[in-house]
Amino acid sequence: MVYPMVKTQRKTETDGTLFQCRAPEARQVFLTGTFNKWDSRAHPMEPSGDGTWALRLDVPPGHHEYKFLVDGDWCCTPADEQAACNCVPNAFGTMNLIVEVPEARSL
C-alpha cells in the first residue's frame, strides 16, 4: 500500500516542495502530475531505506494535481483512510492528489 505525503511550506524559491510516499515493496516510484505534463518518467523518486520514497521538486506556485507511478501502477491513496482525501476526480474515473504550492516568502 502507498501512503503519499507532501510538504509545501517554502521559505525561499530554492526550498522546493517535498513529495514522499511510503511504498516499502516498490522497485521504482515516479512522481507525475500537471507540473510535468503527466510525464511518467520525468521525475524518479529516491528510496530512503525505510520504505519511503522522496523527491524535492521546484514546483511553481499554484494548484497542481499529481499521482505516483509505483512499479507501473498509478497510485493515489490517502495516508489516513479516515481523513478527508486531498483528491479530485480525473477524466479516467480515478482520483488525483492535489497540492497547493504557496509563493516563496522573503527572509
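This is a predicted model: local features need pLDDT of at least 70, side-chain atom pairs count only at pLDDT 80 or more; totals for chains, interfaces and linings use all residues.

Q: How many helices and strands does that come to?
A: Zero helices and 10 strands.

Q: What share of the residues is buried?
A: Buried residues make up 39% of the 107 in the protein.

Q: And the contacts with a separation of 6 or more: what share is from residues 24 or more positions apart?
A: Those account for 63%.

Q: Switching to aromatics. How many aromatic pairs in the whole structure?
A: A search finds four. One of them is Phe19 with Tyr66. Their ring centres are 5.1 Å apart and their planes sit at 75°. Over 60° counts as edge-to-face, so this pair is edge-to-face.

Q: Where in the chain are Phe19 and Tyr66?
A: In distant parts, 47 residues apart. Phe19 is in strand β2 (residues 17-22), and Tyr66 is in strand β7 (residues 62-70).

Q: Are those two buried or exposed?
A: Phe19 is at 0% relative accessibility, so it counts as buried. Tyr66 is at 2%, so Tyr66 counts as buried too.

Q: What about Tyr66 and Phe68?
A: They form an edge-to-face aromatic pair, with 5.7 Å centre to centre and 85° between the planes. Phe68 is buried, as is Tyr66.

Q: Which residues make up the aromatic cluster?
A: Phe19, Phe35, Tyr66 and Phe68 form one cluster.

Q: Last one, the surface. What's the accessible area, and how much belongs to carbon and sulfur?
A: About 6,500 Å², with 51% belonging to carbon and sulfur atoms.

Note on methods:
Residues are numbered from 1 along each chain as its sequence is written. Side-chain values use heavy atoms; hydrogens and water are left out. Rings of Phe, Tyr and Trp (its six-membered ring) pair if their centres lie within 6.5 Å; planes under 30 degrees apart count as stacked, over 60 as edge-to-face and the rest as tilted. Helices (H or I, at least four residues) and strands (E, at least two) are DSSP runs, numbered from the N terminus. Buried means under 20% relative accessible area, exposed over 50%, partly exposed in between (1.4 Å probe, protein chains only). Contact means heavy atoms within 4.5 Å. Accessible areas come from the Shrake-Rupley method with a 1.4 Å probe; for residues, only the protein chains shown count as cover.
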